[in-house]
Amino acid sequence: MTTPAPQVWPTVRATDAPALIRFLVDAFGFREAAVFTDGDVVLHAQLSWPAGGGVMLGSARPSDGDRWPLRPGTFGAYVVCDDPDALWARALAAGATGLDEPAESGHGRECRLQDPEGNHWSFGTYRGEPLTAD
C-alpha cells in the first residue's frame with residue numbers, strides 16, 4: 001500500500017497576508033495557485049505544495065466579520081519534502097527563523113522553521129504511514 005494523496009488543506013490567517021504569501025513562495029517553495037483580494041485584504045489564497053496539498057490563507061479580520069477567526073502566528077504544520085537541508089538553506093536565505101537544523105529523527109530527516117508571522121513549519125522526509133485495509 002502507498003500513502004494517500006494529501007487532501008487536507010490547513011488554514012492560516014496573517015496580519016500581512018500579501019507579505020506572507022510572498023515569503024511562503026520564496027522561502028519554502030509553495031506555488032501561488034489563487035489569490036482573491038479586496039484592496040490590501042486577502043479574502044482567500046491557495047498556495048499549493050509541489051508534492052500535493054497545500055495551505056489556504058487570508059488576512060486576519062475583525063472576529064465579528066470573519067467566519068474563521070484564527071489568530072495570526074498560531075499555525076503549525078508538517079510538510080513532506082525530499083531535501084530538508086536544501087529547504088533549510090533556501091528558507092534562511094529568504095529570512096526564515098531557524099528553530100531546529102536538519103537532522104535525522106526516528107522518521108527520517110527533518111528541520112523546523114518559523115515564518116515572519118510566527119507560524120511554525122516542520123519539513124521532513126517522513127511521508128506518513130500507509131492506510132490499512134478496513
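## Exercises on helix packing, core and aromatic rings

Phe28 is buried, with a relative accessible area of 2%. The exercises below concern a predicted model, and this residue returns in several of them.

**Exercise 1.** Determine how the rings of Phe23 and Phe28 are arranged as an aromatic pair.

*Solution.* A pair of aromatic rings is described by the distance of the centres and the angle of the planes. For Phe23 and Phe28 the centres lie 5.3 Å apart and the planes make an angle of 75 degrees. Planes over 60 degrees apart count as edge-to-face, so the pair of Phe23 and Phe28 is edge-to-face. Like Phe28, with its 2%, Phe23 is buried, its relative accessible area being 9%.

**Exercise 2.** Classify the pair of Phe75 and Trp121, and state which parts of the chain this pair ties together.

*Solution.* The ring centres of Phe75 and Trp121 are 5.2 Å apart and the planes stand at 55 degrees, so this pair is tilted. Phe75 belongs to the loop between strand 4 and strand 5, whereas Trp121 belongs to strand 8, so the pair links parts that are 46 residues apart in sequence. To judge burial, recall that the cut-off is under 20% relative accessible area: Phe75, at 13%, counts as buried, and Trp121, at 0%, counts as buried as well. Turning to the whole structure, a search finds eight aromatic pairs, and one aromatic cluster is formed by Phe23, Phe28, Phe30, Trp49, Phe75, Trp121 and Phe123.

**Exercise 3.** Describe the packing of helix 1 against helix 2, giving the angle, the residues that meet and their classes.

*Solution.* Helix 1 (residues 17-28) packs with helix 2 (residues 84-93) at an angle of about 135 degrees, and their axes are 7 Å apart. That angle makes helix 1 oblique to helix 2. On the side of helix 1 the residues are Val25, Asp26, Ala27 and Phe28, and these meet Leu87, Arg90 and Ala91 in helix 2. Sorted by class, this contact holds five nonpolar, no polar and two charged residues.

**Exercise 4.** Work out which element gives the largest share of the largest nonpolar core, and which residues contact Leu57.

*Solution.* The largest nonpolar core has 28 residues, and Leu24, Phe28, Leu57, Leu113, Trp121 and Phe123 are those with the most contacts inside it. Among the elements that each supply at least two residues of this core are helix 1, helix 2, strand 4 (54-59) and strand 8 (120-124). The largest share, seven residues, comes from helix 1. Leaving aside neighbours within four places in sequence, Leu57 is in contact with residues including Val12, Leu20, Ile21, Leu24, Val42 and Leu47.

Conventions. Residues are numbered from 1 along each chain as its sequence is written. This is a predicted model: local features need pLDDT of at least 70, side-chain atom pairs count only at pLDDT 80 or more; totals for chains, interfaces and linings use all residues. Side-chain values use heavy atoms; hydrogens and water are left out. Axes are lines fitted to C-alpha atoms, for helices over the stretch in contact, and angles run from 0 to 180 degrees between N-to-C directions. Helices (H or I, at least four residues) and strands (E, at least two) are DSSP runs, numbered from the N terminus. Angles under 35 degrees count as roughly parallel, over 145 as roughly antiparallel, 65 to 115 as roughly perpendicular and the rest as oblique. Contact means heavy atoms within 4.5 Å. Ala, Val, Leu, Ile, Met, Phe, Trp, Tyr, Cys and Pro count as nonpolar, Asp, Glu, Lys and Arg as charged, and the others, Gly among them, as polar. A nonpolar core is a set of buried Ala, Val, Leu, Ile, Met, Phe, Trp, Tyr and Cys residues joined through side-chain atoms within 4.5 Å. Buried means under 20% relative accessible area, exposed over 50%, partly exposed in between (1.4 Å probe, protein chains only). Rings of Phe, Tyr and Trp (its six-membered ring) pair if their centres lie within 6.5 Å; planes under 30 degrees apart count as stacked, over 60 as edge-to-face and the rest as tilted.
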